[in-house]
Amino acid sequence: MQGPTGVVFPAVEGRRSTTALGRAVVVDALRAVDPVGARSAEHETDWRHGYLGHFRRLLEASLLSPDAAVTIARAGLASLHARMAVIGDDGHEIGLDEVFSTPGGHPPLDTATVTGDGPVERELSLPYRGRRLRGDDLRRRLDAWVAAGVVEPSCADAVGTVIDNPDWLDLRDKRIVVLGAGAEMGPLTSVLRWGGEVMAVDLPRPEIWRRLLNTARRYGGRLHLPLPAGSPTDDDRTLAAHAGADLLHRLSQVAEWLHRVDGPLVLGNYVYADGATNVRVAVAVDALSRHLRQRRPDTALAFLATPTDVFAVPADAVRHADEAYAGRGTAHRAVRLLSAGRLLRRNYAPDADPGINDSLVPQQGPNYALAKRLQRWRATVAREAGATVSFNVAPPTRTRSVLRNRALAAAYAGAHRFGIEVFEPATSNTLMAALLVHNLRNGVPASAHPWQDEAYAAAHGGLWRVPYAPRSALGLAVLLGLGGARS
């Protein structure tokens with residue numbers, strides 16, 4: 001039986017263990033800053049369930065100083081790059097960082113370009129509950145989200161600045177690379193709607209490319225897609241049958257395709273896969289990001305952070321949550337009492353500055369947490385090196401991947417009972433595309449500490465400002481949402 005190829009986990013005692021890798025990377029990341037935390041992670045015997053505390057420890061240790069945060073990020077990335085490997089089609093294994101200098105025998109990719117027939121929009125509009133909000137209606141929605149604690153005030157300010165500068169939506173001077181072009185959370189549709197240039201990368205699956213080509217035809221931008229050399233380009237059906245590039249197995253081929261692109265690149269990471277493959281593809285993207293930044297130092301990086309992670313949050317968010325906790329009703333007090341304090345715990349220690357919001361969800365697992373954490377580490381390291389980085393916390397969203405998980409689907413259906421708003425994909429990806437525009441056009445100077453960069457313009461759906469620690473309300477949200485999830 002043939003083993004895995006492409007970017008793979010390291011072999012440990014004859015097995016390619018995701019648990020061993022995740023634990024080792026966390027240990028390596030913590031060692032220089034928090035040796036006690038590193039030893040605790042090293043001796044964790046139940047990583048599948050115990051990882052939650054160690055990922056929180058990574059955030060807590062990074063708060064010691066800006067240098068501590070950068071040190072942890074560098075060490076974590078270095079550990080991943082040193083440990084992960086690449087296996088070619090011939091079964092030969094090389095180190096991850098050798099992949100771009102080792103001949104792979106894969107011919108260069110061609111490029112097909114599709115120009116849309118639709119109008120170019122020069123006004124920011126946001127789809128929301130059956131309407132398309134723009135102008136004052138959009139500003140009122142942003143204000144309502146701020147008042148409800150659904151987004152940070154800086155998020156509303158940033159989007160408001162984009163509304164005030166509609167010319168910013170013209171992204172023809174950039175090449176927006178959308179890795180994971182078929183993802184529901186990516187900016188592809190918005191950029192094409194605004195007449196921009198999109199370099200699309202996704203797997204060679206015709207159903208993905210048929211959808212992307214249909215989108216491209218509807219709007220006024222240009223979609224550039226990779227094709228094997230010599231592929232026919234007669235019509236969209238033919239293009240969809242041949243388009244695609246495989247980051248996991250043809251990493252150097254994708255790198256060379258992007259290196260030939262004229263114009264400044266914005267490398268957007270929107271990839272996702274289930275289970276352990278998520279870490280493999282996330283590492284592939286990180287290797288590509290580092291490689292392109294080395295060859296093209298003006299390359300900007302763009303990321304979407306999950307709200308279901310551990311973040312440091314500003315004192316204003318803590319005060320908002322504390323006030324809500326003080327005003328909780330009798331029923332909530334009774335639930336807390338009857339559960340012996342396990343349910344509906346206070347979100348933050350009083351007057352914490354910054355507070356620590358721990359919204360990690362056990363159902364998503366340690367592989368998901370590691371894949372998302374390495375993106376945060378890359379953003380931190382790149383920003384410290386002077387790169388343009390767009391990093392924004394996206395809201396909880398009803399994507400297909402979330403709804404496949406019954407527990408998460410039920411939790412999302414019941415989340416509104418606790419003041420959390422779950423977004424539809426079209427609303428989320430447009431909002432995040434607007435924040436991308438703001439970051440590229442307005443620039444976001446590095447803050448005094450990396451945690452502040454991560455918290456800027458966060459659209460967390462309410463998780464940072466609700467009165468209760470999210471995991472302590474998760475079970476109740478699932479129970480309350482079961483009926484809604486079924487429907």
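Biologist: Say a charge sits over a ring if NZ of Lys or CZ of Arg is within 6 Å of the ring centre and within 35 degrees of the ring normal. Where does the charged end of R328 sit, then?

Modeller: Over the ring of Y325, 3.9 Å from its centre. Likewise, the charged end of R376 sits over the ring of F311, 4.1 Å from the centre. This is a predicted model, where local features need pLDDT of at least 70, side-chain atom pairs count only at pLDDT 80 or more, and totals for chains, interfaces and linings use all residues. Residues are numbered from 1 along each chain as its sequence is written, and side-chain values use heavy atoms, with hydrogens and water left out.

Biologist: How many aromatic pairs are there?

Modeller: Rings of Phe, Tyr and Trp (its six-membered ring) pair if their centres lie within 6.5 Å; planes under 30 degrees apart are stacked, over 60 edge-to-face, and the rest tilted. Searching the whole structure gives seven aromatic pairs.

Biologist: And what type is W47 with F55?

Modeller: The ring centres of W47 and F55 are 6.5 Å apart and the planes are at 50 degrees, so the pair is tilted.

Biologist: Is F55 buried or exposed?

Modeller: F55 is buried (under 20% relative accessible area; exposed is over 50%, partly exposed in between, with a 1.4 Å probe and protein chains only), at 1%. W47 is buried too, at 3%.

Biologist: What about Y272 and Y368?

Modeller: Their ring centres are 6.3 Å apart with planes at 65 degrees, so that pair is edge-to-face. The pair links distant parts of the chain, 96 residues apart: Y272 is in the loop between strand 12 (265-269) and helix 11 (276-295), Y368 in helix 14 (residues 365-384). Helices (H or I, at least four residues) and strands (E, at least two) are DSSP runs, numbered from the N terminus.
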